[in-house]
There are 2 protein chains.
Amino acid sequence: MSVLIVGSTALDSIKTPKRENPRLLGGSASHAAVAASFFSPVKLVGVVGDDFPRRYIQLYHRHRIDLEGLQILPGKTFHWSGEYEINMNNRRTLLTELGVFETFTPTLPKAHQSAPFVLLANIAPSLQLHVLNQMQRPKFVAADTMDLWLNIALADLLKLLTHLDAFVLNDGEAHMLTKDDNMFSAIRKIHKLGPKYVIIKKGSHGSILSGPKGFFICPAYPLHCVVDPTGAGDSFVGGMIGYLATAKGAIDDHIRRAMIYGSVVASFCCEGFGLMRTTRIKRADIDRRVRELEKLTRF
Amino acid sequence: MSVLIVGSTALDSIKTPKRENPRLLGGSASHAAVAASFFSPVKLVGVVGDDFPRRYIQLYHRHRIDLEGLQILPGKTFHWSGEYEINMNNRRTLLTELGVFETFTPTLPKAHQSAPFVLLANIAPSLQLHVLNQMQRPKFVAADTMDLWLNIALADLLKLLTHLDAFVLNDGEAHMLTKDDNMFSAIRKIHKLGPKYVIIKKGSHGSILSGPKGFFICPAYPLHCVVDPTGAGDSFVGGMIGYLATAKGAIDDHIRRAMIYGSVVASFCCEGFGLMRTTRIKRADIDRRVRELEKLTRF
C-alpha cells in the first residue's frame, strides 16, 4: 500500500571538522520518503523553490517517489546550514533561510487523499493537522516532531496528538513534553494525550515502542563510524512506515519488525553526508543488516 | 562453581530530595556478592571496621556468602556519603572516609585461591592485581573499574587488562580510556589492550558485549521508577558472573544470557535504597523478568 509523506524538503549545508558539503538534499520528508521507498510506493508532499537542483528531482524519481504533491514555487528552497563539532555529537545551526517554506500550505491532490498510510514528518504541527484534515480515513497515521514545536506550538501539537495512531519523538522531547525524567513513566503520560503507539528515539541507543502489546526494545545497528547523523530520525520513521505499509494483517503484528527496518535504514543514513549513502544501497543491503540485528540481540 | 569476589565493602549514606538513608550496606563487593549469590556460592574478600553492624554480617550469611576472606579490623568501615539531585541522574559525593580500607591488603585464604570464577569488582587496580596474583589458574576472570582509576592509576589498570578474560566499564570510561567517541571503535581499541570480552555498561540504555562471537546488544529492564541507582553496575556484573559460574560448557555459549541475568538483578537494585530491594527478591522474581525481557526484545 502507498504511504503519503509530508514534511520539509530542504537544502542542507553541513560542515564538519574535515569538510563542507553545500546544498545537499535534506529535510524530514526527503529522508523519510527515500527510506520508505525501499518498501512501498511513496507520495511526497512538500514545497521547493525554483532554485531546487534538477538532480534532486531525478533522485526522487529514481526512488519512484510520486511528486504530484511537491509544489515548485518561485523563490528559494528552504536552506539549513549547520556545523558539527569534532566528536560529531554536538550540532550548531549556522543559518536557516525558510524561503518558499515560510508560506507553505500543503494542499493534497485528489489521489493523495485516500492514501492508507500517512507519515506527518517533522514540520509545524499546524501543517501536519492541515494535511490530516484532507485525508479520508487513513489506516495508520504516524507523526514525528522536534523540540522547536514543543516550545512554540504546543497547543497545535497537543491537538495533533489526539488524531494519531503513532507518535514518534526523541527521549529529550519526551521529557520536555511530560516534565518526567523517567522515560517509561513519560511514555505512560504521552499515551494519555492520545496515541496508541508511542515510539521514543534514543539515537545510538536504539528506540522504544510502547503499544497495546507492551514495550519493545529496538536496538540500533552498531556503527564504527558516524559521518553525519542528520536525517537519521526521519529515515527511521520513514523506513518504519514504508515497511508497515507492505505488511499484511494487523499493525500490532508487524510494528516491531518495521522499527527494526527503520533502524537499519537510519544506520545507513549516518554513514554518509545527507542522503549520499542511503541512496546508494539496495533492499538486499537492508535485509542483510536486519539479519545481523537478529543475531546481535538473540540470547 | 564458586565465585570469588573482591572489592569494597562499605557503609553508604544516601541522601535524596525525599529522604536520608544513613549507613546502608554498600560497596562494589557487597552489591556484586549479593547479586551473584542468587546463582552460585560466593566467597567475599574485603575489609570492614569493628563498627560494621552485625545485621550486615547476618545479611551476608542469609545469602550464604562465605566470609572467611572478610577481614574485620580495629577502626572504621569505609564510609561514603552522597546526594542525588531531584531528577536522580546527578550524584554528588558529600564525604569519603576510607577508614580501614586505606591500608587494605587482600590476602586470600588457601581455599579461595582455587576459585574457578573471579570477579575483581571496583577497587584500586593494584589491589585487583594483588588478588589475581594469588589465584591458581582460574577459569574466568572479570574486572570492573571506575573513572577514578583511569585518572590516578592508569598504569596499574593497563597491566591488569592483560590478565583479564572480561573487562567491564561504562561508556564514559570507555571514551576516557581510548579517547574515542565512537563506542564500537573504542571497544576495538580496548580488545587490543588484552581482554577477550569487553562489556560496556550504558545504564538505562542497557549494555553491549563484544567477544569472539561478535557483539551482543543487551537490554535494560524497563523501570517506571528508579529509587537509587547506587550499586546497579556492581549488581549487573555480580549477577552476570554468578550465572556464568552455574552454566556448563563454554563461556561463549552462556555469556549473553548471563548478561541478561545481570541486567535483571541490576533492575531490582535500582528499585530500592542500597541493597534493600535486592535482598528481598527470590530467584523466581529474577526468572520472571528474564522471561519478560525475552518478550520485550523479540521481533
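What rotation and what shift along its axis superpose chain A on chain B? In this predicted model, where local features need pLDDT of at least 70, side-chain atom pairs count only at pLDDT 80 or more and totals for chains, interfaces and linings use all residues, residues are numbered from 1 along each chain as its sequence is written. Chains are lettered from A in the order in which they are written, and side-chain values use heavy atoms, without hydrogens and water.

A rotation of 180° with 0.0 Å of shift along its axis brings chain A onto chain B, with an RMSD of 0.0 Å (least squares on the C-alpha atoms of residues with pLDDT of at least 70 in both copies). This is therefore the relation of a two-fold axis. Within chain A, the C-alpha nearest the axis belongs to His205(A), 3.1 Å from it. Both copies use the same surface, as 100% of the contact residues of chain A recur in chain B (contact: heavy atoms within 4.5 Å).

Within chain A, helix 9 (residues 255-270) and helix 10 (residues 283-297) pack at an angle of about 115°, their axes 9 Å apart (helices are DSSP runs of H or I, at least four residues; strands are runs of E, at least two; axes are lines fitted to C-alpha atoms over the stretch in contact, with angles from 0 to 180 degrees between N-to-C directions). Residues in this contact include Ile260(A) and Phe268(A) of helix 9 and Val290(A) and Leu293(A) of helix 10.

In chain B, the buried residues of helix 3 (residues 125-133) include Leu127(B), Leu129(B) and Val131(B) (buried: under 20% relative accessible area, 1.4 Å probe, protein chains only). The elements against which the buried residues of helix 3 of chain B pack include strand 1 (3-6) and helix 5 (154-161) of chain B.

Definitions and conventions
Buried means under 20% relative accessible area, exposed over 50%, partly exposed in between (1.4 Å probe, protein chains only).
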